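Subject: Structure for your review

Hello,

Please find the structure below, followed by notes on what turned up in it.

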Amino acid sequence: MNAVVPLLRVEDLDVSFGGTSVVRGVSFTVSPGECLAVVGESGSGKSVTAKSLLGLAGPGSLVRTTTLDVAGVDARNLSQRGWRALRGKQVGFILQDALTSLDPLRTVGKEIDDALRLHSSGSGSQRAARVIELLEAVGLDDPVRRASQRSGELSGGMRQRALIAAAIALDPVLIVADEPTTALDATIAASVMSLLGDLRATGSGMLLISHDLAAVASVADSIAVMQAGQIVERGTRDQILQNPQHPYTRSLLAAVPAGKPRFTRLSPTGDAGMDGVASVARPARTQPPATAPAPDVLPVLRARGLYKSFPMAKSAALPAVRGVGFELLPGHTLGVVGESGSGKTTTARMVLELVTPDAGDVELFGEPWSTVSEAGRRSRRSSLGAIYQDPLSSFDPRLSTSSLLADALSFGATRNPRKYTTEVAELLAMVGLEPGVAMRNPATLSGGQRQRLAIARALAPKPRVLICDEPVSALDVSVQAQILDLLDDLQQRLGLSYLFISHDLSVIRHMSDDVLVMRAGEVLESGKTESVFSDPQHHYTRSLLASAPSLPGSHRAQEGP
Amino acid sequence: MNTSKASLTRSPGVPGSAARWLLGKAGGGIFVLWAVATAIFFGIRMIPGDPAQAIMGGPGSQASAEALAAARAQYGLDQPLYVQYFGQLWRLATGDLGTSYSLKIPVSQVLAELLPPTLILAGLGLLVAWVMALVLAVISTRSGPVGSAVASGLEIVSSAVPHFWLASVLIMVFSTALGWLPPVSTSTPAGLVLPVVTLALPLAGFLGQVMRDTMATAQRSAFALSARARGESEIGVLLRHSLRHAALPGIALSGWAFGSLLSGAVVVESIFARPGLGRSLLSAVTARDIPLVTGVALVSAGAYVVIMALSDLGERLADPRIGPS
């Protein structure tokens with residue numbers, strides 16, 4: 001008998017959809033107790049690889065492999081019945097998209113019980129007891145009540161825990177987790193990762209799929225980097241993180257904002273090829289704006305004592321925003337960090353005066369803004385721009401890129417791009433989009449290109465302040481890096497001021513001069529970014545810092561006591 | 001990100017909200033019945049002709065002027081319109097539907113006889129439509145693009161077919177040519193088959209289109225993939241997940257569908273010579289039998305109100321995401 005029989009052995013895996021090859025010649029093994037992370041950006045074929053291991057690549061797929069041993073079973077020509085015996089019993093699969101992976105019409109308890117029932121494990125009452133035990137094991141409070149709830153009644157983190165409970169119900173020898181922490185807040189993501197780490201300690205093998213090297217750095221033993229359907233580099237975690245050989249691995253590492261000081265470039269210069277975008281001439285790096293602004297500098301934006309409550313929301317025992325105040329200095333970035341529900345977006349909407357504050361006021365360039373009438377604001381609205389998390393839903397789906405920009409350039413007077421050909425071309429060049437994009441529909445653009453277009457549209461009326469609400473949260477780390485670099489460039493070139501909102505502490509720390517830490521509608525802590533994060537006063541800031549994923553190789557100031 | 005915040009705070013089974021829901025439904029129902037009674041009262045007076053003539057045996061009768069005047073006085077037709085209207089509303093509110101002009105027996109007695117066969121016809125029609133729609137939806141999601149296209153074509157054709165044409169074709173094929181089923185409705189179960197199928201087929205096409213869409217979406221969803229990854233079979237995914245999602249829009253539409261079945265019954269009962277509300281309504285309108293028309297319309301509207309409430313309740317029970325509003 002061999003010393004170690006791998007739980008999973010894949011050799012030369014090819015997957016294609018209708019003649020288009022998406023995975024080519026992928027090979028790897030996972031041994032008991034080992035955690036292999038497969039890292040790559042969207043479209044690199046990593047999710048399809050994971051699904052192929054369970055015969056779930058989907059309709060229209062063609063999977064070929066010379067070896068596919070899953071938990072001691074040769075799975076190359078397995079019947080449907082054979083696959084079903086493996087799924088759930090030998091291999092626990094935690095799928096991407098925790099928010100929609102539970103049936104909204106069924107209780108969580110039933111969903112978990114399915115795994116037990118399908119592999120005929122025990123009587124009804126035994127299974128019910130096991131469900132409660134599992135919910136407790138994944139750290140859900142009040143498991144009896146949780147078992148009778150449906151996914152709509154649970155938060156994102158709870159849903160992911162329930163899914164993990166279903167995946168580990170039968171103590172599978174192998175766990176496959178596809179982006180298990182995407183779409184979760186940082187502190188919740190950290191606790192889910194540590195839960196997965198605990199599972200590994202019980203001797204299960206684990207295959208972890210992610211676009212973010214920093215997210216897997218804490219649990220992976222070895223890492224395989226995938227690009228365009230192929231594994232381009234593999235090695236132990238320390239080899240990959242400390243001494244990456246392949247340029248793509250290096251670019252993925254460089255893209256992680258954690259531990260990169262302000263204005264450090266995250267994406268490769270001349271980023272053609274990463275996003276199909278022409279490289280733009282970049283100005284020489286200049287120093288960030290004076291760290292200590294002259295005392296007579298007038299803030300571009302000042303908010304004082306903002307309050308807002310939404311009486312319609314049944315949960316609104318507390319106002320959504322309570323007593324928030326800040327100043328944004330010209331050419332500076334003010335970061336607002338907090339988890340979902342902390343009141344960040346409501347604050348941004350009050351600044352944009354899309355929502356009228358219940359109390360408090362906003363001043364723009366030293367003049368009253370929230371207290372005057374909309375007619376008094378209209379002429380000044382062009383100095384305030386905004387970009388959002390989901391750019392596509394903020395575009396009129398019937399408009400082409402150039403019409404969208406013409407609409408913004410003419411302040412809504414016309415959507416005919418012919419009058420604005422030069423301006424449209426200038427805007428596209430400014431955000432690093434090819435001129436050919438002008439005639440396309442935004443729906444056909446990639447996520448990174450859409451966000452570039454959103455920035456171009458926001459810049460069209462020549463604003464001086466940009467409100468950025470989670471502008472990179474839906475993007476892969478490598479695309480996020482390009483967008484963050486672009487925002488840096490534009491700030492330096494145009495002297496823009498940013499109010500930058502994110503739940504991601506690493507992004508905020510990389511982008512901001514000053515920072516507000518928000519929770520439950522209140523500002524817990526504020527000040528210069530580096531002083532807040534190197535010496536956090538509030539325990540919540542310390543817990544945020546502790547849960548932010550970071551690369552072990554990168555050295556940054558201590559993370560609090 | 002934070003989907004359905006509202007449902008986090010949903011408190012199902014609050015007694016106060018259930019009572020409020022019921023009260024709201026009852027209030028809405030009473031309003032509908034009042035509106036129907038009013039529309040009928042004024043609407044039927046716009047039809048040319050003299051109701052007294054109808055009382056005395058229709059336009060063909062040779063009733064004398066004295067006899068007509070006596071009939072007018074007896075039925076209150078010589079009173080001012082507003083007196084007639086409020087008197088009518090009061091009688092209806094106290095449960096007095098009056099006496100049929102043409103049949104000379106209390107309307108309530110006529111309805112007690114006619115309501116059950118129509119309810120049976122419409123109820124069976126709804127049931128059969130549901131079964132056909134679900135079978136079509138399952139077949140089309142399970143059998144790839146060709147099966148899906150065939151099912152979709154069937155649905156469009158059947159939902160576009162008018163009842164009278166469908167009834168004639170079914171009679172020609174199954175009664176005249178094959179002789180399997182009676183061409184007129186009899187009291188035997190066999191006599192029910194053709195009327196029920198005639199009513200159910202167009203509705204099945206309509207329901208099938210809605211259910212198939214929802215079912216296909218559920219089959220492709222992340223939760224279905226999750227279930228497969230737990231070892232669930234394709235049949236299991238269908239039965240435990242997709243079918244329930246597909247049923248939701250069907251339940252929501254069933255109230256409306258039942259209403260359309262009641263109006264379809266007018267045609268179907270006439271063609272198959274089947275006793276029921278629909279056929280009586282037709283003859284009552286022809287005979288200008290105001291009390292009977294009013295009674296049939298009110299009972300149909302009442303049945304519709306009850307069915308709508310039931311379908312709303314069913315929707316709430318089947319979909320926990322809908323809170324008490």
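Helices (H or I, at least four residues) and strands (E, at least two) are DSSP runs, numbered from the N terminus. In those terms, Ser175(B) sits in helix 8 of chain B, which covers residues 163-177.

Two points on provenance and numbering. This is a predicted model, in which local features need pLDDT of at least 70, side-chain atom pairs count only at pLDDT 80 or more, and totals for chains, interfaces and linings use all residues. Residues are numbered from 1 along each chain as its sequence is written, while chains are lettered from A and ligands numbered from 1 in the order in which they are written.

More on Ser175(B). This residue counts as partly exposed because it has 15 C-beta neighbours inside 10 Å; the class lies between buried (20 or more other C-beta atoms within 10 Å of the residue's own) and exposed (12 or fewer), with C-beta atoms placed from the backbone. Leaving aside residues up to four places away in sequence, Ser175(B) touches Leu181(B), Pro182(B) and Pro183(B); a contact requires C-beta atoms, placed from the backbone, within 7 Å. Thr188(B) is 13 residues from Ser175(B) along the chain, and their C-alpha atoms are separated by 15 Å.

Chain B as a whole. It has 13 helices and 0 strands. Of its 325 residues, 34% count as buried. The C-alpha atoms of chain B fill a box of roughly 85 × 60 × 30 Å along the principal axes. Among the contacts in chain B with a separation of 6 or more, 71% are between residues 24 or more positions apart.

Helix 5 of chain B. This helix takes in residues 81-93, and its 13 residues reach 18 Å from the first C-alpha to the last, close to the 18 Å expected at 1.5 Å a residue. The expected span is 1.5 Å times one less than the number of residues. Helix 5 of chain B is hardly covered, with a count of 1 buried residue among its 13. Just after this helix, Gly95(B) takes a positive phi of about 90°.

Strands in chain A. Strand 12 (residues 301-308) pairs with strand 13 (residues 321-328) in the antiparallel sense over 6 bridges; pairing requires that DSSP finds at least two bridges between the strands. In strand 13 of chain A, Phe326(A) stands opposite Ala303(A). Strand 12 of chain A also pairs with strand 15 (residues 359-364) of chain A, again antiparallel, over 5 bridges. There, Ala359(A) in strand 15 is the bridge partner of Tyr307(A).

Regards

Notes: Contact = placed C-beta atoms within 7 Å.
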